[in-house]
Amino acid sequence: ANLPSGEPRAAPTMFRGLSTLARLTPAALAAPAVALCDEKSARGALADLIDKSEARRGDGTSLGPTMVRLAWHSAGTFCAKSGTGGSDGGRMKYCPESAWGANAGLADVRAVVEKVAQDHGLSRADAYTLAGVVAVAHMGGPEVPWAAGRSDAADGSTSPPDGRLPDADKGSLGGTVAHLRAIFYRMGFDDRDIVALSGAHALGRCHEEASGYWGPWTFAETTFSNEYFRLLLAETWTLKTTHNGRKWKGPDQFEDSSGKLMMLPSDVALLWDKTFRAYVILYSKDEEQFFKDFSRAFGKLLALGTKQNAGGGGGPLDGLRKLFGL
């Protein structure tokens, strides 16, 4: 599944540009990719990729939602107990992570984001996460706290085991709710974070060739908003039985009365559970609060698994760790 925040609507970006990194990261400790990175130009290049893809496709879609998914999946493997997984390493480039079913359909976006990393002096791992940050803001969402400093693994030998990313369905709504809590609690999130991060489903769509599921969650696939939560509550969601006049042969998913929008079992599970549902109602009524909570939770997610700098810290990622209590 794509998983994928008042205060001012856009939380302040914590670190911008080479000059900030140079002040915060001792030159003797900085990896070359960090020391040479030009974050401002990298952000511009990533935004340009989104705009060009939207113009080229001409169907209202773009690379933006897939960039959010890339960032999410590059970080969402973290285990707080073992300290393994997370965004450091950029290991999705290699097997086994590149071959996981949860990462199907991400090869093309990885390639273009890696090119931005090469051109602008970022590590691959930094580029994967920065792409999601840029995409959220570029599609109308909040600024998400982010800092450079991740390193790149040479291969996939340190990848965590498969199964750490959330599944869309565990056979029952109760089982799916328990699965969501197990996945997110493992990373250090709570129920409010789970619902806030699920709001990324305002973006993009499912593709049969990648996940078996079909369709968008909203009619505005490239606009970050609280529309996902509004639709969850406003529409009547029934099991999909047909598609384009034929019997639906894919996995169980839900559709609205028009058959044009979909929800995964993991989405409907947010309505089924009393605690989750309370946050769905909150975010459906208060987009500013959703943006605030999403910004905090997504920023925390992208910082998971990053290493402390040698000699006791002091680098930009340490600023994020202190902010999120990591």
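This is a predicted model: local features need pLDDT of at least 70, side-chain atom pairs count only at pLDDT 80 or more; totals for chains, interfaces and linings use all residues.
Local features need pLDDT of at least 70, side-chain atom pairs count only at pLDDT 80 or more, and totals for chains, interfaces and linings use all residues. Residues are numbered from 1 along each chain as its sequence is written, and side-chain values use heavy atoms, without hydrogens and water.

User: How far apart are the end C-alpha atoms of helix α5 (residues 107-120)?

Analyst: Helices are DSSP runs of H or I with at least four residues, numbered from the N terminus. The expected span is 1.5 Å times one less than the number of residues. For the 14 residues of α5 that gives 20 Å, and the end C-alpha atoms agree, being apart by 20 Å.

User: Which helices do the buried residues of α5 pack against?

Analyst: V109, R110, V113, E114, V116, A117 and H120 of α5 are buried (under 20% relative accessible area, 1.4 Å probe, protein chains only; exposed is over 50%, partly exposed in between). They lie on the same side of α5 because their arc around the axis is only 155 degrees, taken from the directions from the helix axis to the C-beta atoms. Exposed D108 and Q118 are on the face turned away from that side. With contact meaning heavy atoms within 4.5 Å, the buried residues pack against α3 (39-57), α4 (64-75) and α6 (124-138).

User: Are α8 and α13 roughly parallel or roughly perpendicular to each other?

Analyst: Axes are lines fitted to C-alpha atoms over the stretch in contact, with angles from 0 to 180 degrees between N-to-C directions. Helix α8 (residues 191-198) and helix α13 (residues 287-303) pack at about 105 degrees, their axes 9 Å apart. Angles under 35 degrees count as roughly parallel, over 145 as roughly antiparallel, 65 to 115 as roughly perpendicular and the rest as oblique. The two helices, α8 and α13, are therefore roughly perpendicular.
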